Amino acid sequence: HYNFCAGPAALPTSVLERARDELLDYRGRGLSVMEMSHRGEDFVAIAEQAEADLRELLAIPDNYRVLFTQGGASLQFAAVPYNLLGAGGRANFLHTGIWGKKAISEARHLFGDVHVAASSEGNGHSAVPRQEEIVLSDDAAYLHYTANETIGGLAFDYIPGSNGEGPRRPDGSEVPLVCDMSSSILSGPLDVSKFGVIYAGAQKNIGPAGLVVVIIRDDLLDRARHYMPTLFSYQALSEAGSMVNTPATYSWYLAGLVFDWLKQDVGGLAAMDAINQRKAARLYAAIDGSALYANPITLRNRSRMNVPFVLADPRLDRPFLDEAEAAGLLNLKGHRSVGGMRASLYNAVPEAAVEALIDFMADFEKRRG
Ligand code: PLP
């Protein structure tokens with residue numbers, strides 16, 4: 001079977017096998033990682049190794065802290081303004097789809113007015129705004145965007161502000177760039193130094209749900225001026241090594257196994273990037289070359305991670321999904337808000353899965369198209 005789920009998503013088979021082998025007895029300790037104290041020597045070693053491997057994979061500079069926290073990426077929609085609006089100013093956003101809109105809504109409800117610095121609503125979220133269309137407010141405290149819109153299959157092909165050193169207010173002063181990278185982190189190399197805050201829910205490219213990774217430049221840790229729930233506080237999490245309370249220990253451990261897989265088995269993020277490039281190119285070519293399937297996104301903004309497509313006749317949706325499932329191709333149904341199909345091609349989805357999907361699609365078109 002191949003799993004094309006958008007999240008929680010497939011995990012590498014070798015990672016699941018290793019977790020299975022260590023499930024009852026972690027390296028002869030006589031207990032499961034799930035049963036360990038998070039402050040004990042064994043778990044602290046697991047946690048530190050995971051962070052070290054993530055730092056190595058993404059070449060995270062020393063002036064960035066890495067937090068392993070909880071509450072999903074959705075909690076970061078609130079945590080970011082709580083942490084970054086303390087010194088005043090307004091949150092600025094790029095609106096490119098459903099997840100970005102949720103982040104905007106949360107900031108607006110908590111802190112009042114926000115500024116949408118550019119939006120792709122006008123083109124139905126089929127192309128991201130161009131760099132020169134982004135206009136920050138005079139009082140911008142930060143600029144937030146969603147690198148890859150998981151539902152729309154719309155991805156940025158550039159880092160906002162990267163034509164200068166970073167996003168700038170009209171007066172030329174720089175503001176921190178905040179990115180929801182939930183559905184694209186670790187899909188390829190990244191220049192972390194361009195960002196103030198990066199956050200990602202784990203359940204796509206990192207590991208199982210229950211964990212959120214936050215990467216934050218250390219000068220942004222003390223921007224908060226008012227009390228917030230302690231678990232929101234980047235400062236508190238950073239000072240406590242992400243152990244303000246009991247962290248999601250098992251998810252953290254599994255994330256560590258995924259990082260190790262990326263390093264040892266895949267050979268790092270450049271190698272992962274090449275594989276992801278091939279997978280997406282193959283599937284989009286099959287869609288574009290067919291009369292039955294279509295994808296509406298502008299070429300340069302097509303997501304490599306989430307490939308939505310529709311069938312020319314929606315009455316074929318049900319048979320397509322039933323037959324795909326019978327052929328071992330799972331979770332191809334599009335998000336309930338948009339319908340159609342979506343194949344998520346996260347890191348753990350092997351190239352063979354894409355080949356199998358393409359073969360099935362061609363066969364289905366021949367028979368039913
Ligand atoms: N942001 C993006 C881009 C997502 O894809 C998702 C979930 O799919 C979320 C945020 C919300 O994540 P969570 O369910 O971890 O809160």
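Helices (H or I, at least four residues) and strands (E, at least two) are DSSP runs, numbered from the N terminus. Welcome to a predicted model, where local features need pLDDT of at least 70, side-chain atom pairs count only at pLDDT 80 or more, and totals for chains, interfaces and linings use all residues. Residues are numbered from 1 along each chain as its sequence is written.

**View 1. Trp99 in its helix.** Trp99 is found in helix H4 (residues 98-111). A residue is called buried if 20 or more other C-beta atoms lie within 10 Å of its own, exposed if 12 or fewer, and partly exposed in between, with C-beta atoms placed from the backbone. Trp99 has 20 C-beta neighbours inside 10 Å, so it counts as buried. Leaving aside neighbours within four places in sequence, Trp99 is in contact with Thr146, Glu149, Thr150 and Asp180; contact means that the C-beta atoms of two residues, placed from the backbone, lie within 7 Å.

**View 2. The shell around the ligand.** Here you can find Gly7, Gly72, Ala73, Ser74, Trp99, Thr146, Thr150, Asp180, Ser182, Ser183 and Gly201 around the ligand. A residue is near a molecule if its C-beta atom, placed from the backbone, lies within 6 Å of it. Helix H3 (residues 72-84) provides the largest share of this shell, three residues. By class, the shell has two nonpolar residues, eight polar and one charged. In this scheme Ala, Val, Leu, Ile, Met, Phe, Trp, Tyr, Cys and Pro count as nonpolar, Asp, Glu, Lys and Arg as charged, and the others, Gly among them, as polar.

**View 3. Positions from the UniProt record.** Under "binding site", the unreviewed UniProt entry lists Ala73, Ser74, Trp99, Thr150, Asp180, Gln203, Asn245 and Thr246. These positions span 174 residues in sequence and the farthest two C-alpha atoms are 30.2 Å apart, so they do not all gather at one spot. UniProt positions are given in the numbering used here, feature names are shortened, and annotations may be inferred rather than shown by experiment. Asn245 sits in the loop between helix H5 (234-239) and H6, and counts as exposed, with 12 C-beta neighbours inside 10 Å. The "binding site" annotation in the unreviewed UniProt entry also covers Arg39. Arg39 lies in the loop between helix H1 (13-22) and helix H2 (41-58), and is exposed, with 10 C-beta neighbours inside 10 Å.

**View 4. The largest nonpolar core.** This core has 107 residues, and those with the most contacts inside it are Ala200 and Val213. Helix H6 (residues 249-266) contributes the largest share of the core, nine residues. Domain 1 (2-6 + 267-368) and domain 2 (13-264) both give residues to the core, so it lies between them. A nonpolar core is a set of buried Ala, Val, Leu, Ile, Met, Phe, Trp, Tyr and Cys residues joined through C-beta atoms within 7 Å. Not counting residues up to four places away in sequence, Val213 touches Val66, Phe68, Tyr199, Ala200, Ala202 and Ile206.

View 5. The centres of domain 1 and domain 2, taken over C-alpha atoms, are separated by 27 Å. Their contact takes 25 residues from domain 1 and 23 residues from domain 2. On the side of domain 1 that touches domain 2, helix H7 (269-288) and strand E12 (306-311) each supply at least two residues. H7 gives the most to that side, with five residues. By class, this side of domain 1 has eleven nonpolar, nine polar and five charged residues. The domain bounds come from an automatic or database domain assignment.

**View 6. Backbone angles to look at.** Most residues other than glycine have a negative phi, and most peptide bonds are trans. The peptide bond from Gly7 to Pro8 is cis, with omega near -10 degrees; Pro8 is in the loop between strand E1 (2-3) and H1. Arg27, in the loop between H1 and H2, has a positive phi near 45 degrees. Arg27 is exposed, with 9 other C-beta atoms within 10 Å. Ser242 has a positive phi of about 65 degrees and lies in the loop between H5 and H6. With 24 C-beta neighbours inside 10 Å, Ser242 is buried.

**View 7. Around Tyr234.** Tyr234 belongs to helix H5 and is buried, with 25 other C-beta atoms within 10 Å. Tyr234 and Val214 are 20 residues apart in sequence, and their C-alpha atoms are 8.7 Å apart in space. Setting aside residues up to four places away in sequence, Tyr234 touches Leu67, Asn83, Val214, Ile216 and Leu221.
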